[in-house]
Amino acid sequence: MQDGKLYFVTGGAGFIGSCFVIDTLAQNTGNVLNLDKLTYSGNPHNLDSLGPEAKARYNFVHGDIGDAALVSRYLNQCQPDAVVNFAAETHVDRSIADPSAFIRANVAALGVFLETVLNWWRTLAPEKAAAFHFLHVSTDEVFGALGPDDPSFTEQTPYAPNSPYAASKAAGDHLVRAFHHTYGLPVLITNCSNNYGPRQFPEKLIPLAILNALAGRAIPVYGSGGNIRDWLHVQDHCSAVHLALQKGSSGQSYNIGGKSEKTNLEVVRNICLLLDEMRPDAGGSYQRLITMVKDRPGHDFRYSINCAKIERELGWRPEHTFAEGLRETVLWYLNNESWLASVQTGEYRRWIAAHYS
Ligand code: NAD
Ligand code: TYD
């Protein structure tokens with residue numbers, strides 16, 4: 001793409017945001033400014049693979065989306081064509097342990113951010129203002145939980161969030177929508193299912209299972225292991241975000257999913273089988289480490305996404321199957337043990353000790 005645009009990305013040092021930054025700089029001639037607070041899950045090393053040519057079009061700003069003065073300064077300085085908001089607190093279990101942190105980041109800071117972007121957007125010339133997009137990255141968890149035979153979530157499914165994380169993201173989505181309805185800010189919202197792939201912080205199921213298996217530790221599966229998630233490779237999520245930016249209609253939301261529903265037990269068994277093949281353990285199959293543990297409070301049973309709208313209107317198609325994508329992901333973690341070691345900071349060890357004790 002020869003778009004030469006300036007993308008103001010937030011949370012670009014996290015799992016999905018870093019993939020978006022890397023893909024954006026690889027696929028087009030644009031520039032990226034990445035504003036990230038570098039919370040425990042934000043890691044500048046996630047962008048180590050950027051080559052010199054890409055780095056020349058990349059700038060990092062350490063800061064909070066809720067810091068109006070800082071955000072305003074950089075908006076005025078770089079005059080972005082799009083803001084892509086990945087910044088958030090993202091882990092359901094942490095939201096159960098400390099909901100306030102999620103309300104601060106995903107609702108209060110987002111509200112300040114929207115107001116700051118709106119104030120800057122109002123200063124733009126009409127043509128630039130009309131072409132601008134504020135794309136807010138959200139989750140399928142805002143729709144609540146499904147039973148085994150319920151139809152998948154569509155864009156019309158009423159919001160019914162169950163965890164503090166999901167409720168904070170739902171509140172954020174409502175704010176974004178309200179800024180469009182009330183002030184005309186050109187917004188897009190994407191609601192995506194569970195992502196997997198390289199550089200995911202190992203508090204989430206897939207990297208946690210890989211890490212624990214490699215360390216010979218128990219692989220914790222909540223409850224019966226029968227809860228169902230729809231899994232999408234992170235690059236397919238990022239390609240959908242790009243398409244929404246290029247072709248999406250202002251004020252619209254788009255569901256993004258992998259049509260790949262798996263029980264948690266299926267996911268961890270598959271990881272163990274891949275590890276058995278790629279790094280056989282003298283003690284026998286890694287499946288021996290799978291351990292059923294106490295269920296998550298209010299654990300949503302099933303998420304399932306109907307992504308017909310983004311397929312039909314924007315022509316989006318995922319490129320990875322779950323089987324290939326998981327194989328590639330396990331291989332990435334095997335080949336990047338130094339990355340894994342670097343993210344297992346004191347904070348990470350404290351979380352694991354407190355949560356799984
Ligand atoms: P992540 O936890 O890996 O990354 C979040 C990033 O946001 C980190 O770099 C962190 O430092 C930064 N951040 C947090 N608060 C900030 C603030 N106030 N100001 C600036 N930066 C801040 O999360 P992720 O998995 O990459 O998720 C990114 C986005 O995608 C989130 O909005 C999440 O809700 C959404 N999402 C995630 C998934 C998934 O499966 N991971 C699925 C659907 C949607
Ligand atoms: P997670 O990766 O935390 O994503 P989310 O809660 O946003 O879906 O969890 C995915 C599924 O795996 C979810 O049903 C909870 C379950 N899970 C476990 O069984 N054990 C674990 O240690 C973790 C972190 C999650």
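Ser-168 is found in helix H7 of this predicted model. With a relative accessible area of 3%, Ser-168 is buried, and a polar atom of its side chain lies 2.7 Å from the backbone oxygen of Tyr-165. Tyr-165 is also among the closest of the 27 residues that surround ligand 1, and helix H7 (164–183) is one of the elements that give two or more residues to the shell around that ligand.

**Surroundings of Ser-168**

- Leaving aside residues up to four places away in sequence, Ser-168 touches Phe-102, Asn-106 and Val-107.
- Ser-168 counts as buried because its relative accessible area, 3%, falls under the 20% limit.

**Ligand 1**

- Ligand 1 is surrounded by 27 residues, of which Ile-16, Asp-36, Ser-41, Tyr-165 and Lys-169 are the closest.
- Backbone atoms provide several polar approaches to oxygen atoms of ligand 1: a polar backbone atom of Phe-15 is 3.0 Å from one, a polar backbone atom of Phe-86 is 3.1 Å from one, and a backbone N or O atom of Leu-38 lies 3.3 Å from one.
- On its own, ligand 1 has 840 Å² of accessible area, and the protein covers 96% of this.
- Helix H1 (15–27), strand S5 (133–139), helix H7 (164–183) and strand S7 (194–196) are the elements that give two or more residues to the shell.
- Strand S5 supplies the largest share of the shell around ligand 1, with three residues.
- By class, the shell around ligand 1 consists of eleven nonpolar, twelve polar and four charged residues.

**Ligand 2**

- Around ligand 2 there are 17 residues, and those that come nearest are Glu-141, Arg-229, Arg-296, His-299 and Tyr-356.
- Side chains make polar approaches to oxygen atoms of ligand 2: an N or O atom in the side chain of Arg-296 is 2.5 Å from one, a polar side-chain atom of His-299 lies 2.7 Å from one, and an N or O atom in the side chain of Arg-229 is 2.8 Å from one.
- Ligand 2 exposes 520 Å² when taken alone, and the protein buries 97% of that area.
- The elements that give two or more residues to the shell around ligand 2 are helix H4 (92–97), helix H8 (205–215) and strand S8 (219–222).
- Strand S8 gives the most to this shell, with three residues.
- The shell around ligand 2 divides into seven nonpolar, four polar and six charged residues.

**Nonpolar cores**

- The largest nonpolar core has 35 residues, and the members that touch the most others are Phe-20, Val-84, Leu-135, Leu-245, Ile-310 and Trp-316.
- At least two residues of this core come from each of strand S1 (6–10), H1, strand S4 (82–85), S5, strand S6 (187–192), helix H9 (234–247), strand S10 (253–256) and helix H11 (308–314).
- Helix H9 contributes the largest share of this core, seven residues.
- Not counting residues up to four places away in sequence, Val-84 touches Tyr-7, Phe-8, Val-9, Thr-10, Phe-20, Leu-135, Val-137, Val-241 and Leu-245.
- A second, separate core has 31 residues, including Leu-208, Trp-231, Tyr-333 and Leu-340.

- Most residues other than glycine have a negative phi.
- Gln-79 is not a glycine, yet it has a positive phi of about 45°.
- Gln-79 lies in the loop between helix H3 (68–78) and S4, and at 30% relative accessibility it counts as partly exposed.
- Arg-199, likewise not a glycine, has a positive phi of about 70°.
- The loop between S7 and H8 holds Arg-199, which is buried, with a relative accessible area of 15%.

**Arg-350**

- Arg-350 has its place in helix H14 (residues 346–356).
- Arg-350 counts as exposed because its relative accessibility, 56%, is over the 50% limit.
- Between Arg-350 and Asn-76 there is a separation of 274 residues in sequence and of 40 Å in space, C-alpha to C-alpha.

Conventions
Residues are numbered from 1 along each chain as its sequence is written. Chains are lettered from A and ligands numbered from 1 in the order in which they are written. This is a predicted model: local features need pLDDT of at least 70, side-chain atom pairs count only at pLDDT 80 or more; totals for chains, interfaces and linings use all residues. Side-chain values use heavy atoms; hydrogens and water are left out. A residue is near a molecule or strand if one of its heavy atoms lies within 4 Å of it. A polar contact is a pair of N or O atoms within 3.5 Å; within protein, one must be able to donate a hydrogen and the other to accept it, and residues adjacent in sequence count only if both atoms are side-chain atoms. Accessible areas come from the Shrake-Rupley method with a 1.4 Å probe; for residues, only the protein chains shown count as cover. Helices (H or I, at least four residues) and strands (E, at least two) are DSSP runs, numbered from the N terminus. Ala, Val, Leu, Ile, Met, Phe, Trp, Tyr, Cys and Pro count as nonpolar, Asp, Glu, Lys and Arg as charged, and the others, Gly among them, as polar. A nonpolar core is a set of buried Ala, Val, Leu, Ile, Met, Phe, Trp, Tyr and Cys residues joined through side-chain atoms within 4.5 Å. Buried means under 20% relative accessible area, exposed over 50%, partly exposed in between (1.4 Å probe, protein chains only). Contact means heavy atoms within 4.5 Å.
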